[in-house]
Amino acid sequence: GSSQLASNTVFQPNVKGLYITLDKTGTTGVGGVMMFGLTDSLNVYYRSVNGSTIDTAMVALPLGTHAAQIIHTRSATVNTQINDTTSSENLIYLQGTAGTKVRIKFPYLKNITKTLGNIVINRAELVVTPNPGSTIPPYLKPQPKLTMYKYDIAHQPELLQDANPADARSPGVVPFGGFYLPSLNSYHFIVTAYVQDLMNGRTKDYGTFLAPVDTTNTQAVDIIPTPQTAGRVIAVGTDKNSPYRIKLNIIYTKINK
């Protein structure tokens, strides 16, 4: 397989507004992110003087609905990956606050059926492992959850078969996975139905992605970029020399047909 970095676009403002940024000279430690919750607001105070009459008022603007844009200042390494749409990357960068997602490809799946003949996929599991040294609690904790989704023919986000409750083959939200497993230091996704359909030509890969996701949602699989999650993951991509490289583990049964 292969992995490529891509950026998310959430809002496209067309008016001027108020911009808030971190004072980088006033921060300490290895890093930081300024976050606003849905209940946070910006209070704007108004004062008008007309002769001897003074009029004052205050309006509260909820930041969860009035924020128009999030700007990410990315490193040269990340920008190079975003602009490279052909190479496979040894390290992949998943950034929260609607930052970056990673496209993964499975170009050799159909070769398996050419070699083995007809097979039934009993289990297909994608394993993503953070790069050693990139998670250093308490400052750089592993992101609790990632998501995996695909594009439809119109390049709109769509649930994988294994994450879609409308598909009888879906194991459910929790078995589908994406949660960080401390004991294994990795993220696991069950993608059995998706891999089987790709092998059999029942579905076309218009784009398959990994991305940070809202970690508070436990009832469904999120597939839309969100500014509410600030975490990031630096994971090993298709580095053949690393034991932590991204893997697709397949258990199958060969059948006669």
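## The largest cavity

About 80 Å³ of space lies in the largest cavity of this predicted model, one of three cavities of 30 Å³ or more. Here a cavity is a set of points, on a 1 Å grid over the protein atoms alone, where a 1.4 Å probe fits but cannot get out; lining residues have an atom within 4 Å of a point. Volume is the space filled by probe spheres set on the points.

The lining counts 16 residues, with Ala211, Pro212, Ile224, Pro225 and Thr226 nearest the centre. Strands E7 and E11 each give two or more residues to this lining; strands are DSSP runs of at least two residues (E), and helices of at least four (H or I), numbered from the N terminus.

## Helix H5

Eight of the nine residues of H5 (192–200) are buried, so the rest of the structure largely encloses this helix. Buried means under 20% relative accessible area (1.4 Å probe, protein chains only). These buried residues pack against helix H3 and strands E6, E7, E10, E11 and E13.

## Histidine 72

Look next at the loop between helices H1 and H2, where histidine 72 sits. Its side chain makes a polar contact (N or O atoms within 3.5 Å, one able to donate a hydrogen and the other to accept it) with the side chain of glutamine 95, at 3.4 Å. A polar atom of the histidine 72 side chain also lies 2.8 Å from the backbone oxygen of threonine 97.

## Reading the numbers

Residues are numbered from 1 along each chain as its sequence is written. In this predicted model, local features need pLDDT of at least 70 and side-chain atom pairs pLDDT 80 or more, while totals for chains, interfaces and linings use all residues; side-chain values use heavy atoms, without hydrogens or water.

Conventions
Buried < 20%, exposed > 50% of the residue type's maximum accessible area, 1.4 Å probe, protein only. Contact = heavy atoms within 4.5 Å. 1 Å grid on protein atoms, 1.4 Å probe; cavity = no way out; pocket = protein on both sides within 12 Å on 5 of 7 lines; lining within 4 Å.
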